[in-house]
Amino acid sequence: MQKKVAITGMGIISSIGLSVEENFQSLISKKSGISNLENIQTRHASEIKVGEIKITNQELQQLLNLPEENTFTRTGLLGAYAAKKSVESAGITNINELRTGLISSTSVAGMDFTEKHYKKYEEHPEYQKYIQSHDAGDSSNKIAHYLGLKGFVTTISTACSSAANAIMLGASMIENGYLDRVIVGGTDALSKFTINGFKTLMILSDTYNTPFDNDRKGLNLGEAAAYLVLESDEVIKKSNKKVLAYVTGYGNANDAFHQTASSENGEGAYLAMKQAFEKASILPDQIDYINVHGTATPNNDLSEGRAMSRIFNKVPKFSSTKAFTGHTLAAAAAIEAVYSVLALQNNTIFPNLNFKTPMEELNIVPETEVVQTEINHVLSNSFGFGGNCSTLIFSKS
Amino acid sequence: MKNCYINGIGNVSIQSVDFDLFKSEAAGIQILNKAQQPSYKDLIAPAMSRRMAKGVKMGIYAANNALFNAKMVDPQAVIVGTGLGCIEDSEKFLDAIIENDEQFLTPTAFIQSTHNTVAAQIALHLQCKAYNFTYVNGANSFESALFDAFMQLKHFNKENILIGGVDEIAPYTFSMYEMIGKVKQSGEEVNFKNPQTKGIALAEGATFFALSNNKTNNSYAEVLDVMLFNAFKDDETTEINTFLNKNNLSVTDLDVVFFGVNADAHQQEFYNRINTVFNEIPQGYYQHISGSYDTASAFGLKVAAEIIQKQALPKSVQYNNIEPTKIEKVLMINQFNNTDFSFVLLQSC
Amino acid sequence: MDALKQELKERIINALNLEDISIDDIQDNDPLFGDGLGLDSIDALELIVLLDKEYGIKLADPKQGKEIFQSVETMAQFVAANRTK
């Protein structure tokens, strides 16, 4: 008998808030976190907008009470902050008391520091301590160490769907009895590397991103970290802990179409959603809200919109929250999982900001205002380069 | 409960393309060891290969051979572990950012630099729309992929899964490793049995496996259990015994134990400590053949699977002088710098 | 114009790493995408950078490339008319 997967804690840091509550307040008061870039030196600063967290690395280190001699990069700092909050919110005091794991995800990893010191390491031995911090796994090990966690630790990197897969793996491990509880999520800092990378693909907007709008010009990059604590229902029975929501469905497929672009009909997205419905044993029309991937690139929104039109008889209410946060890459699915749980808890759909004109090709329009409505099941999509498509379904406790 | 069999293996390593553990003499290890690249022409169309990183080509080649070896055509998952992904392209893109002051940058290197590019290109190559994951957790990146596949085969409705580990060497990364002593300094001896100096002998490669819950004539071994963790909760001996007991085994039931020893005197201390647990068990090692890199343990699994299938432990991979009488139960232990630990338990089939 | 076309062919081969193709294999009016050389959307982005780097022409929208990159002929005409270096 598979165990049920309960969400008992959440922690988040994004450009719209340093806590779950702050993020919620921003979402319902339509307060976007998109701004001009401040913390990174790049010649493209004036051509782009970003979802930047206006806290320096030094301030983060202080918030975390780290010793002076630490080797955390920004990705690790954001991750440790959000992971710690999630553990506190789940009321965990002894982290190793049960079989507890950490499944993190990142695409940037320590690149934000590597790019600063690259080619200067030889002249500056004082920077060399950061060389090992470049590895993706290093950030997860640091987060685990910061939490005092000893156990299953791994890291997933499937581009912009990474955190969805971390949640999926965590849920599978709980269901099948490999862990009693697991901290799952993702973290990515802004970096010059990704700014330039997305620039070469010509999918960065020079203004505020407009998901699912006919005249959308591309995405805004963002930075964030979020983690959820998942626990098996067996463990919960013993602790009488409050359950925030359940992870009930998930699906993972590959579009196998192109290195970066999504297929015209959104085959990968369609397959991921289909699997998620099967896993959750619900029908598509039981979904009350979709937190779409909705990056606001011409390609993503069309492909995702087509996939939704294919799988739903009538597409449910949906919105992209990327106009609030920017596209936070590996962390995107984690912060959107937090927003999905908030939608369930508050029976609230968050607005898709900046939307004006429906897409020519499709007959669907996102919600542009805060909507109060009964919500029992939320579907969240996340897609990445390399055709990685993931869908999660969260259900009311 | 369904089983997890290793039915096919494909590999690119620093050894020659036709290297055979039971027949060939392995080329000696240097401080920097580049993989012997096979010809990719028959496998990858020039229009595709022109933009492919070395890691992608090695991955596709090894994946294809693993599937061919197992006569598997439609894996229901592609799961890859890699420490750094296509790090050479990450370097190229960073170099270009610095040299051209963020101008005239082209997308190809950036696209390849995303960690999931190998798994993605395999999916594209095989036109495989199934489950697709990439793990990036240092020295147990590959074991993460193996664990996921193991769980998928046991509990999900999947019969066939393709997994692998791949990593490549890049020039500046190597020189950074020299600066921090992660690799051996020029002139230092590479000694796996009695290392005197710190640092590893860096290498690269790709090793892929076709896993299935169906046993075939080509099955090498069965994966009994996989465990990965960042740190020992209890003392090392207790945790090893707990892992074995969970599988109804004790240390004396083991026929061979493989260590991921990597010629680093500092890291040798861990293996010396656990050696006391296994001092009466035949021991094996493999990084003197593969060289050391984050996913070298995938090569280790290939060696272990092959010795189980052949029921022979060649002298060249014996770490102590104890000969096995049979090879039924094999335990593999790996780590890097006292973290990214993994246990993999295999049995003959 | 012929010199420019030759130059473009050489630069396309280099930029796109078309190892098996020589200048003589590309006819002026051969389609670069689809059935011709078989280039794709990533190549289009590479060619946009080539225009910027070698000829000082900046394209803001990748869609513009569709017309310009039909063939070496159309590319040469566009470059001749718009080059700033």
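## A salt bridge to start with

Let's open with one pair at the A/B contact: Glu102(B) and Lys192(A) form a salt bridge, with their closest N and O atoms 4.0 Å apart. Keep in mind that this is a predicted model. In total, chain B and chain A share three salt bridges.

Another cross-chain pair joins Arg43(A) to Asp101(B), and here the closest N and O atoms are 3.0 Å apart. Arg43(A) sits in the loop between helix H1 (20-28) and strand S2 (50-51) of chain A, while Asp101(B) lies in the loop between H3 and H4 of chain B.

## Where chain B meets chain A

Now for the wider contact. Chain B puts in 63 residues and chain A puts in 67. Together they bury about 5,400 Å², and carbon and sulfur atoms give 61% of that area. There are also 29 residue pairs in polar contact between the two chains, counting pairs with both residues at pLDDT 80 or more.

Which elements of chain B give two or more residues to the side that touches chain A? The helices are H3 (87-99), H4 (107-113), H5 (117-126), H6 (141-155) and H7 (171-179), and the strands are S3 (131-135), S6 (221-229) and S10 (339-347). H3(B) supplies the largest share, with eight residues. Sorted by class, this side of chain B has 32 nonpolar, 19 polar and 12 charged residues.

## What UniProt says about A and B

For chain B, an unreviewed UniProt entry places the feature "domain: Beta-ketoacyl synthase-like N-terminal" at residues 36-178. In the model, that stretch of chain B is 52% helix and 13% strand, and its end C-alpha atoms are 23 Å apart.

For chain A, UniProt lists "domain: Ketosynthase family 3 (KS3)" at residues 2-396, again from an unreviewed entry. Over those residues chain A is 32% helix and 19% strand, with the end C-alpha atoms 18 Å apart.

## Chain C joins in

Chain B also has a salt bridge to chain C: the side chains of Arg50(B) and Asp43(C) meet at 2.8 Å, N to O. On the chain B side, Arg50(B) is in the loop between helix H1 (46-49) and helix H2 (54-70); on the chain C side, Asp43(C) is in helix H2 (residues 41-55). Both Arg50(B) and Asp43(C) are buried.

Inside chain C, Asp28(C) and Lys9(C) form a salt bridge with their closest N and O atoms 2.8 Å apart. The two residues are 19 residues apart and link distant parts of the chain, with Lys9(C) in helix H1 (2-15) and Asp28(C) in the loop between H1 and H2 of chain C. Asp28(C) is partly exposed because its relative accessible area is 23%. Lys9(C), by contrast, has a relative accessible area of 5%, so this lysine is buried.

What are Lys9(C) and Asp28(C) linked with in a network of salt bridges? The network also takes in Asp2(C), Lys5(C) and Glu73(C). Over all chains, the count comes to 38 salt bridges.

Key: Residues numbered from 1 in each chain as written. Chains lettered and ligands numbered in written order. Predicted model: local features only at pLDDT ≥ 70, side-chain atom pairs only at ≥ 80, totals over all residues. Heavy atoms only, no water. Contact = heavy atoms within 4.5 Å. Buried area = accessible area lost by both parts, 1.4 Å probe. Polar contact = N/O pair within 3.5 Å; in protein donor to acceptor, adjacent residues only side chain to side chain. Helix = DSSP H or I, 4+ residues; strand = E, 2+ residues; numbered from the N terminus. Nonpolar A, V, L, I, M, F, W, Y, C, P; charged D, E, K, R; others polar. UniProt positions renumbered as here; feature names shortened; annotations may be inferred. Buried < 20%, exposed > 50% of the residue type's maximum accessible area, 1.4 Å probe, protein only.
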